[in-house]
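Welcome, and thanks for taking a look at this one with me. Here are a few notes to read alongside the model.

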Protein chains: 4
Amino acid sequence: MTHDVISGGQPIHAPDNLKPLLEDILQQAMSVNDGKVADYIPALAEVKADYCALTVATLDGNVTSVGDTNKPFSIQSISKIYGLMLAMERLGDPLWERVQMEPSGQPFNSIVQLEWEKGIPRNPMINAGAILVSDVLVSHYSASKSALLSMVRGLCGSEAVCVDSRVHESEREHGARNAALAYLMKSFGNIESDVEEVLDHYFWQCALTMNTEQLASSLAFLANRGQCPRSGKQITSHRDAQRINALLSTSGMYDQSGQFAFTVGLPAKSGVGGGIIAIVPDYGVISAWSPPLNSFGNSARGMFMIRELANRLGLSVY
Amino acid sequence: MTHDVISGGQPIHAPDNLKPLLEDILQQAMSVNDGKVADYIPALAEVKADYCALTVATLDGNVTSVGDTNKPFSIQSISKIYGLMLAMERLGDPLWERVQMEPSGQPFNSIVQLEWEKGIPRNPMINAGAILVSDVLVSHYSASKSALLSMVRGLCGSEAVCVDSRVHESEREHGARNAALAYLMKSFGNIESDVEEVLDHYFWQCALTMNTEQLASSLAFLANRGQCPRSGKQITSHRDAQRINALLSTSGMYDQSGQFAFTVGLPAKSGVGGGIIAIVPDYGVISAWSPPLNSFGNSARGMFMIRELANRLGLSVY
Amino acid sequence: MTHDVISGGQPIHAPDNLKPLLEDILQQAMSVNDGKVADYIPALAEVKADYCALTVATLDGNVTSVGDTNKPFSIQSISKIYGLMLAMERLGDPLWERVQMEPSGQPFNSIVQLEWEKGIPRNPMINAGAILVSDVLVSHYSASKSALLSMVRGLCGSEAVCVDSRVHESEREHGARNAALAYLMKSFGNIESDVEEVLDHYFWQCALTMNTEQLASSLAFLANRGQCPRSGKQITSHRDAQRINALLSTSGMYDQSGQFAFTVGLPAKSGVGGGIIAIVPDYGVISAWSPPLNSFGNSARGMFMIRELANRLGLSVY
Amino acid sequence: MTHDVISGGQPIHAPDNLKPLLEDILQQAMSVNDGKVADYIPALAEVKADYCALTVATLDGNVTSVGDTNKPFSIQSISKIYGLMLAMERLGDPLWERVQMEPSGQPFNSIVQLEWEKGIPRNPMINAGAILVSDVLVSHYSASKSALLSMVRGLCGSEAVCVDSRVHESEREHGARNAALAYLMKSFGNIESDVEEVLDHYFWQCALTMNTEQLASSLAFLANRGQCPRSGKQITSHRDAQRINALLSTSGMYDQSGQFAFTVGLPAKSGVGGGIIAIVPDYGVISAWSPPLNSFGNSARGMFMIRELANRLGLSVY
């Protein structure tokens, strides 16, 4: 028995009980073995390669999970969404004079493009853009870290979300390239606060630790026209939820964003900790986690699971 | 009185009679005066700057038009969609070994990226990608031009679609940069046929001449899961329609694609003749035309009209 | 017994009879085996890898040669010097508005830099610059080929210099990248004549065939303040001879020019046929030939022999 | 009355008394008014634009000066020569595994090339290369600053050479781009010491303050086969003096190095404080100073004076 939900203008024939479907997909995913766990910092390199989790949180409040869904992991670049939300709220449209909204056509940490564009990052989903956003937060909040943490905890309704201080430290120690990006923006006058403080916020934010269920709940408002389906609270305007989804669609999956749009067709964001979240407007949020990464820095099994699920349920927004 | 249609998972409160809305938007658009008519060839430079047209073709068969909708114009890069359709049909997945599906983060005619990527264009919506597609057509069809023309005529149900031979000639005479792109791909072994023949097809295709109503009808299948709403014929699979829409979303509006996704949220394609088409899945197609272009090569009034219409009707797919 | 000649401000302790020294160096060179014969066209790929020749032509009229010095080979990019001489003579200073005189910091056939610099090549020693020079010749001479050939024959006092028509044809067939460079310059308005005609001259010039003795004699004027030591004819002004030597010093050895200046210290030019010439002001010309190329496109044994000879005789201009 | 000295293989007809010639050239130079004083830090911006000095130190011990030759100025990038000398001495050939010796074909502070070349700077005369050299000094000397200062004082035989602490501070405050270069090299593993310490040495070294006579004396060994003509001490080997001169010839004048070789033909180095030094092998050293810079960052009047002097005396090494 199925019931119809609406997404991308088309009825989704989603079963009442998603669990068997998710279990089937998770099992298939375990035979995907071509990725490599991020090893630029020890704290990430140590994570076991065979962790795998898949969660679907639908707007009716149901949360279906399979695999290691209770295991918190480093969300890394997925945190760029939270930072952006806070910066959009605080700065409004002037934010877009300091960061563009165009796909980059470049690796996530490219410094070449930043030079060409005179210190204006292409979008807030690449490192340079998220560092710029961190500068906005550091400059406009007296305590940018606690503002962000309290927002995230509120979004997923759990005080359990925390920051892994070992990852935070490691990121800072191995963050020379991000420092280069920050100083280059500074040289173009596009960083207002002290560079070291900005980088500290950025590295801290990357070290946020969550599990797939917390991630999915926290971002459900993006699938629900800006409203948190659990609390009923309007997190952002419907327009801003659409705007964030648009950014995720064109720029959320590093230099594989176009391929993800082509093969899956959902707004999504990945992190080098192996997590991926995908937004299905008017249906819910999918989150996946498995540490081994493909050559673009996206979780190999995570990509597989989300593509498989989206194709089986017909979830493309296009 | 309004009725609800479904798009992007949300009911569109579209009035039964769109005409007054379109007229209002067209009138506002006429006060947008910051564009510049394309002048790289005389045949385009001579087109009057104050032409303006707006058409909405909904899937129920209604076509609502205001302005100069009967005036045919040079569709230029919008023809890239038709070429791509034919190449996808003929080559299938192997096409994507010769052209990527990633946004370029570069101007539409950049040669730098083509060099970095060793002759593999970033996507079929930039010039290099469309020249590659032209090579596929020239190599796989005995008469690539008539195959394309007959497909387009069939799609819009009109034999009136033709090619402006003066534009075709002019494009060839002023096509040195496109020749450079083609020869660079040839040097990497990614052009199979004779370069001059490939360029001739490409320039010919850019010289297709249509009006906004023909454009909108011809692409209605992209909003209708691959099926032509007029003839009932399945033009492409639903999956391929979604794929083309995905490409248009990430790469259809030159280096303003991200901004278009952010502010409008619809798959779209523009041409330097001043035309723009936007796909609204499960609703219909919007087409706009006005020759003056903004700095990205997109029609300034066309952008205004489509954004205005999408925002008033709430048409974003996100 | 030695006599002193003067170069770079320092007495050169050159033996009266250079032959034993050259023979020793040639023998050592034969154990250099890390190069690879150019294989982008069959006519070059077929040349035997173990050809090796070394010639020194001093200003007193002595020519000392060892190895395969009577075997003519394709001089390829060394011909860029002859083309430049003719263009400088015909155009004078305005030539330098269309081509710069800066080292490129890029491979010899880079298209990226040409795009950045808006179609103005960095110098006349890279392909784009030599194609630009070919445009000057084609545009300003009724018969650019015979003008060049007759100049070269006059310079080396031999009618035996000719063009290998098979190489000429092959270059044209495999010249897609050079065509891309030419069309890109055309698109920036920096090519005046028909691109195909310009490329034909360029490919023809690259197919000039000479032996090391002819090469050395033809360029002796560059070591002799512009005057041909054989005929006494003033080929260029002293100033122009110094200017050409300066260009060879900063840009003559592809992307290994800096290393050549550092380790050898002489103006020089190489070609992918395996030839290299080096100018020793007020002393003479060294020419070397051996087909296998290093990764920069310079003859591996040729580099070895010239470095060895220069170091043993103390020939650096610095 | 004149006597002949030898340079570049050609007798230099230099007058016994250079003073009238220098005075004439200085006077002409004062009418060159198209430069702009460096203004990126206040300490440089405040220097009067009409300072002008010209010194020639010949190997016979004569020093001829006109203009503001007793006024010390910030030597800035000319200090790159001193740093390089110390690093070559300490590290020997392995230095060249961490920095190349090729001209850059890019502005002096380009980060693009550093990214392409994976953190290996093109040469020690651009900022990235000099920062790399600073890392070598900081890593291999217990007190890199005093080692450098004592070497420079020894070279010019004057304890008066010092460092302007205000310039040093200002450089650090406005050094974001140099910090970006340093962190980028660090991210590629090409910086061993602490980045802040390396930058501190680099900024300190740029703040060295000397006058044209001190500069000319200190570098006379480069014109004298490595030997200091004053003390008779062998500063470097003849070979290393030639190597440094080769680097100055291909890379010493920023992105105007090729033009300088073409129009002047001497190894040279400039700094944004307005100083330029040029080496004439076996003759002497020319130093010039005038603060206004041309668009390449070279002193406009300094360029004029050295070109004029070299052309009148026929000093090109080519």
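1. A word on conventions before the details. This is a predicted model, in which local features need pLDDT of at least 70 and side-chain atom pairs count only at pLDDT 80 or more, while totals for chains, interfaces and linings use all residues. Residues are numbered from 1 along each chain as its sequence is written, chains are lettered from A and ligands numbered from 1 in the order in which they are written, and side-chain values use heavy atoms, with hydrogens and water left out.

2. Helices here are DSSP runs of H or I with at least four residues, strands are runs of E with at least two, and both are numbered from the N terminus.

3. Is α9(D) mostly covered or mostly open? Mostly covered: ten of its twelve residues are buried. Buried means under 20% relative accessible area, exposed over 50%, and partly exposed in between, using a 1.4 Å probe and protein chains only. Among the buried residues are D:His201, D:Tyr202, D:Phe203 and D:Trp204.

4. Next, chain A. The UniProt record, an unreviewed entry, places the feature "binding site" at positions including A:Ser77, A:Glu171 and A:Tyr254; such positions are given in the numbering used here, with feature names shortened, and annotations may be inferred rather than shown by experiment.

5. Where is A:Ser77 found? Look in the loop between β5 (73-74) and α3 (79-91) of chain A. A:Ser77 is buried, with a relative accessible area of 5%. Leaving aside neighbours within four places in sequence, A:Ser77 is in contact (heavy atoms within 4.5 Å) with A:Tyr254, A:Lys269, A:Ser270 and A:Gly271.

6. A:Glu171 lies in helix α7, residues 165-173 of chain A, and is buried at 4% relative accessible area. Beyond its neighbours within four places in sequence, A:Glu171 is in contact with A:Tyr40, A:Ile41, A:Leu44, A:Gln76 and A:Phe203.

7. Back in chain D, D:Thr236 sits in the loop between α11 (220-223) and α12 (238-251). At 14% relative accessibility, D:Thr236 counts as buried.
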